[in-house]
Amino acid sequence: MKKQILSFTLVLFSLLSFAQTTYEKVMKEKIAKIEKVQTAEEYQTLANDFQRIADKEKGKWQPNYYVAFSYIQKGRVLMRENKVQGLDEIADQAQKYVDEAQNVEKNSEIMLLQKMIYSLKMMVNPMERYMTFGTKATEQLAMAEKTDPNNPRILLIKAEDIYFTPEQYGGSKEKGMELFKQALDKFNSYQPKTDLDPNWGKSEAEYFVNQAPK
């Protein structure tokens, strides 16, 4: 009887280990694509892929995080193309998965996504929405920074905000560039807690730093 119980336990442990290994393998494959895709359609495909994983892995925050992040990146692509009509819908899709991720864990990475969602909503009509979504975005960024001041992505997004904001509204290309440099310094020493935790943004910081006058 003891041998049967032991055999059953070993088989169960092997199955669980295999399932976990498969999950991590698939997640790593999808995460590797995050900074390689460029179009809104590619980000939508990535969001769909992560969504299928999230549907199976209810107790993990990372799959939902990456669904939300993929939607946000899709929105940012459309924003750069001046296609702001669909940003509310995209932001609402991202919000669903940020909420799911926060039900599992609360950390600076998820807080930063919340900030980015508010920014997307603001960009639908900046003049009318700044006092609502712009203020919420600023507050959320401050919360993320307070939670983890060493997170380089927080400094990266702050650098973006300052760099692309017109000077008459408090922006500054020079100050933004300094923050990009500080973000890159943090990226160079930063280590994510696990292979599945967020690790994006360094290439963007490098891009801007390389644009600086020598």
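Trainee: Leaving aside neighbours within four places in sequence, which residues is Lys30 in contact with?
Mentor: Lys30 is in contact with Leu46, Asp49, Phe50 and Ile53, once its neighbours within four places in sequence are left aside. A contact here means heavy atoms within 4.5 Å. This is a predicted model, in which local features need pLDDT of at least 70 and side-chain atom pairs count only at pLDDT 80 or more, while totals for chains, interfaces and linings use all residues. Residues are numbered from 1 along each chain as its sequence is written, and side-chain values use heavy atoms, with hydrogens and water left out.

Trainee: What does Lys30 count as, buried or exposed?
Mentor: Buried means under 20% relative accessible area, exposed over 50%, and partly exposed in between (1.4 Å probe, protein chains only). Lys30 has 16% relative accessibility, so Lys30 counts as buried. Its place is in helix H1; helices (H or I, at least four residues) and strands (E, at least two) are DSSP runs, numbered from the N terminus.

Trainee: How many helices and how many strands does the protein chain have?
Mentor: The protein chain has 9 helices and 0 strands. Buried residues make up 43% of its 214 residues. Of the contacts with a separation of 6 or more, 63% are between residues 24 or more positions apart.

Trainee: What makes the phi of Asn82 worth noting?
Mentor: Phi of Asn82 is near 60 degrees, which is a positive value in a residue other than glycine. Most residues other than glycine have a negative phi. Asn82 is found in the loop between H3 and helix H4 (87-104). At 65% relative accessibility, Asn82 counts as exposed.

Trainee: Why is Val209 called buried?
Mentor: Because its relative accessible area is 16%, Val209 is buried. Val209 is found in helix H9 (residues 202-211).

Trainee: What makes Asp88 and Lys121 a salt bridge?
Mentor: The rule asks for a side-chain nitrogen of Lys or Arg within 4 Å of a carboxyl oxygen of Asp or Glu. The side chains of Asp88 and Lys121 meet at 3.2 Å, N to O, in a salt bridge. Asp88 lies in helix H4 and Lys121 in helix H5, so the pair ties together parts that are 33 residues apart in sequence. Lys121 is buried, with a relative accessible area of 13%.

Trainee: Which N to O value is given for the salt bridge of Asp88 and Arg129?
Mentor: That pair meets at 2.8 Å, N to O. Because Asp88 lies in helix H4 and Arg129 in helix H6 (residues 126-147), the pair ties together parts that are 41 residues apart in sequence.

Trainee: How do you know that Lys121 forms a salt bridge with Asp92?
Mentor: The closest N and O atoms of Lys121 and Asp92 are 3.0 Å apart. This pair also links distant parts of the chain, with Lys121 in helix H5 and Asp92 in helix H4, 29 residues apart. At 40% relative accessibility, Asp92 counts as partly exposed. Asp88, Asp92, Lys121 and Arg129 are linked in a network of salt bridges. By the rule, the count comes to 14 salt bridges.

Trainee: What does the domain assignment of the protein chain give?
Mentor: It gives domain 1 (26-129) and domain 2 (150-213); such bounds come from an automatic or database domain assignment. The C-alpha centres of the two domains lie 19 Å apart. In contact are 15 residues of domain 1 and 18 residues of domain 2.

Trainee: What is the area buried between domain 1 and domain 2?
Mentor: About 1,400 Å² is buried between domain 1 and domain 2, and carbon and sulfur atoms give 56% of that. Glu35, Glu109 and Leu112 lose the most area on the domain 1 side, together 32% of what that side buries. Buried area is the accessible area (1.4 Å probe) that two parts lose on being put together, summed over both.

Trainee: How many salt bridges does the rule find across the interface of domain 1 and domain 2?
Mentor: It finds 4 salt bridges across that interface. Elsewhere in the listing, the side chains of Glu160 and Arg76 meet in a salt bridge at 2.9 Å, N to O.
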